[in-house]
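Reader: I am new to looking at protein structures, and I would like to go through one slowly. Could we take it question by question?

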Amino acid sequence: MRILGIDPGLRRTGFGVIEAQGSSLTYVASGTIVVPTELALSERLKVILDNVREVVGLYTPDQAAIEHVFVNANPQSTLLLGQARGAALCALADKNLPVMEYTALQIKKTTVGRGHAAKEQVQMMVQHLLRLDGPPAPDAADALACAICHAHHYPLTSRLGIQLEQASSTPRIRGGRLIS
């Protein structure tokens, strides 16, 4: 199964593609979509949309995973980040990819073993898990970690019959337990 991970951002959107066969993970590609800050918001969102579409077309993933964003201290930043995430989600939906969403805490806990891990720890674990020669760039590492998280969670969620597109009434897994 080929998985595309997305770490959304209005300035830098990371992407990472891995191949998962059982518990074996193989690196395929990763990178960062750098969005010019001098563009109008609508044009910046189009850059994200077009580039995510291009990545999907180039690497033909079977599934996608994207970081779920929560409200932080600055509501304006959260709103802008949500719009960047929406542009990436639209690109994935346009290509008919099933999408699963994971929180930053879930991604870090799955990849590093600690939910509040530093970016450098995520980079080092991604490098180790995918047997890379060096640490990937921070945004690409976060996207690869998202894909790794999905590779670890998908076998259980698929066995439980949980649909990839989560609704509020869909059962979820928290702390290794099934909750509704």
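The questions and answers below go from the overall fold to single residues.

Reader: What kind of model is this, and in what order do the elements of the protein run from the N terminus on?

Author: This is a predicted model, and that should be kept in mind for every value that follows. The protein has 5 helices and 7 strands. Read from the N terminus on, these elements follow the order β-β-β-α-β-α-β-α-α-α-β-β.

Reader: What percentage of the contacts in the protein with a separation of 6 or more comes from residues 24 or more positions apart?

Author: The protein has 180 residues, and buried residues make up 42% of them. Its accessible surface comes to about 9500 Å², with 53% of that surface belonging to carbon and sulfur atoms. As for the contacts with a separation of 6 or more, the share of residues 24 or more positions apart is 57%.

Reader: Which elements do the buried residues of helix 1 pack against?

Author: Helix 1 covers residues 41-59, and its 19 residues reach 27 Å from the first C-alpha to the last, which is close to the 27 Å expected at 1.5 Å a residue. Its buried residues are Arg44, Leu45, Val47, Ile48, Leu49, Val52, Val55 and Val56. The partners against which these buried residues pack are strand 1 (2-7), strand 2 (12-21), strand 3 (24-34) and helix 2 (75-94).

Reader: How do helix 1 and helix 2 pack, and how many nonpolar, polar and charged residues does their contact have?

Author: The axes of helix 1 and helix 2 are 8 Å apart, and the two helices pack at an angle of about 35°, in a crossing that is right-handed. Helix 1 brings Leu41, Leu45, Ile48, Leu49, Val52, Arg53 and Val56 to the contact, while helix 2 brings Leu80, Gln83, Ala84, Ala87, Ala88, Cys90, Ala91, Leu92 and Asp94. Sorted by class, the residues of this contact are 13 nonpolar, 1 polar and 2 charged.

Reader: Which elements do the buried residues of helix 2 pack against?

Author: Helix 2 has 20 residues and reaches 28 Å from its first C-alpha to its last, close to the 28 Å expected at 1.5 Å a residue. The residues buried in helix 2 are Thr78, Ala84, Arg85, Ala87, Ala88, Ala91 and Leu92. They pack against strand 1, helix 1, strand 4 (63-68) and strand 5 (99-103).

Reader: Where is Arg131, and is it buried or exposed?

Author: Arg131 is found in the loop between helix 4 (119-129) and helix 5 (138-159). Although it is not a glycine, Arg131 has a positive phi of about 55°. Its relative accessible area is 58%, and because a value over 50% is required, Arg131 is exposed.

Reader: How far apart in space are Pro155 and Gly22, C-alpha to C-alpha?

Author: Pro155 is found in helix 5, where its relative accessibility of 31% makes it partly exposed. In sequence, Pro155 and Gly22 are 133 residues apart, while in space their C-alpha to C-alpha distance is 8.7 Å.

Note on methods
Residues numbered from 1 in each chain as written. Predicted model: local features only at pLDDT ≥ 70, side-chain atom pairs only at ≥ 80, totals over all residues. Heavy atoms only, no water. Helix = DSSP H or I, 4+ residues; strand = E, 2+ residues; numbered from the N terminus. Buried < 20%, exposed > 50% of the residue type's maximum accessible area, 1.4 Å probe, protein only. Contact = heavy atoms within 4.5 Å. Areas by Shrake-Rupley, 256 points an atom, 1.4 Å probe, with all protein chains shown as cover. Expected span 1.5 Å × (residues − 1). Axes fitted to C-alpha atoms, helices over the stretch in contact; angles between N-to-C directions. Left-handed = near helix turned anticlockwise from the far one by under 90°. Nonpolar A, V, L, I, M, F, W, Y, C, P; charged D, E, K, R; others polar.
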